[in-house]
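Dear colleague,

Here is the structure for you to look over. My notes follow below it.

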Amino acid sequence: MPQIVFLGAGSVVFTRQLLADLYRFDDLPVLDIVLHDIDAERLEVARGTAEQVAGRFGRTASITATLDRREALRGADFVINMIQVGGIDATRVDLEVPAAAGLLQTIGDTTGVGGVFRGLRTFPVLSGIAADMLELCPDAWFLNYTNPMAMNVWWMSVVAPSIKTVGLCHSVYWTVHDLCELIGVPLEGTHYRAAGVNHQAWLVEWSRDGEDLYPRLREAIERDPELRRRVRVEIFTRIGYYPTETSEHSSEYLDWFLRSPEQIERFRLRPLEYVGISEENVAEFEHAKAALAAGEALELEEGAAEYAPQVIHSILTGTERTIHANVVNHGLIDNLPQGAVVEVPSRVDADGVHPLPFGAIPVQGAALNRTYLSVAELAIEAARTGDPELVRRAVLTDPNASSSLTPEQIWALCDELTERHSALLPVALGGTLEVPAPVGAGAGAGR
């Protein structure tokens, strides 16, 4: 019986959706679902959710919930990671403290100052997971959803390169889905390929029946002036290829948008938006808890198209499909750093996930990606070596931070964030967390 472990299963909406997508495959064997979280209340809601979803699909399943991570991982075939270290309180710090200093973010979970500190407090937990997996389930697939995606997958490649780690994000799929809807073309039958880095990949090919669909998009933009007030449309106009993450996310990866009130108004941005989204997620958890207690049916989203269920289905049944995955760049994208983590089309079959060599991406897209990857590399090297100065240099490299604050202000901001997150950061980086040396810590960050 294949064992699928959910780490951070207390993210009940995501757990619910992943299970629903799994159970929609009627050719899967009986699954051994193991739920793990560090919050007992959330874990109990996750267990009730899993039991209800299995019942609604008429599926037999073994469902176990445990607060013990090692118990959860023992014998796993697939480990789905969706932890959020520090929860909503840490998210508020990541967004509100920089904002008070004059540095605005919208989401703050991928790159920039928010992404760097989110990564730094996630790496120690990932190192612990990696050590447990090497002992208890060394052949399992580690399917990561936790942001910052590129940093986390990169960190796993440093501390435990033998673990089969794949980063999964639905941004490419939903970008193409929404663009097809915008120009009135069915998604089915559309051919598309994107490549770059997570949340900043580029839709390099997009066609249907041999027709390049980009001219239709340009016509739609020309007809609707309001579309030109979207961040992604502005990036597309200037770069020539559409980026694969929302305007809200994309706005904080560059220095074009959040630098002035005029730009914020022009592009209809809402700084600190993720605080509200996080509060909505907490409310949704409370709703799910109440619904389960009352015996009510939980809402299931149709057609979520999440990749983890597809990967599991392909490996277990041999069904071949292509997804976009985040993996280490070993000869995949020629003009991005080797050893960094990139997002590329990947074939999935019974033997696993096989990233497909892409060649070179558009040079202007690669130029922006390299800055993004430099922030990630500095953060990883800071954690690997225990060098707090590299944390500051990572933030200094970020375009949004360096266009908003002086170097002196960035150093002071990092000091404050280190103090606020101290319980979740290693001692070497100014925190109070005592962590063992990561597995394989002698490897270089770019290897």
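**Aromatic pairs and other contacts**

Trp206, Tyr214, Phe236, Tyr241 and Tyr242 are joined into a cluster by ring pairs. Rings of Phe, Tyr and Trp (its six-membered ring) pair if their centres lie within 6.5 Å; planes under 30 degrees apart are stacked, over 60 edge-to-face, the rest tilted.

The model is predicted: local features need pLDDT of at least 70, side-chain atom pairs count only at pLDDT 80 or more, and totals for chains, interfaces and linings use all residues. Numbering runs from 1 along each chain as its sequence is written, and side-chain values use heavy atoms, leaving out hydrogens and water.

The count is 11 aromatic pairs. Tyrosine 173 and tryptophan 174 are edge-to-face, with ring centres 5.0 Å apart and planes at 85°. Tyrosine 253 and tyrosine 372 are also edge-to-face: 6.2 Å between centres, 90° between planes. That pair links distant parts of the chain, 119 residues apart. Tyrosine 372 lies in helix 14 (residues 363-385). Helices are DSSP runs (H or I, at least four residues), numbered from the N terminus. Both tyrosine 253 and tyrosine 372 are buried (under 20% relative accessible area, with exposed over 50% and partly exposed in between; 1.4 Å probe, protein chains only).

Helix 9 (residues 231-239) is mostly covered, with 7 of its 9 residues buried. Phe236 is one of them. Glycine 240 follows helix 9, with a positive phi near 100°.

Last, a charge over a ring: the charged end of arginine 42 sits 4.1 Å from the ring centre of phenylalanine 285. The rule takes NZ of Lys or CZ of Arg within 6 Å of the ring centre and within 35 degrees of the ring normal.

Best wishes

How values were computed. Helix = DSSP H or I, 4+ residues; strand = E, 2+ residues; numbered from the N terminus.
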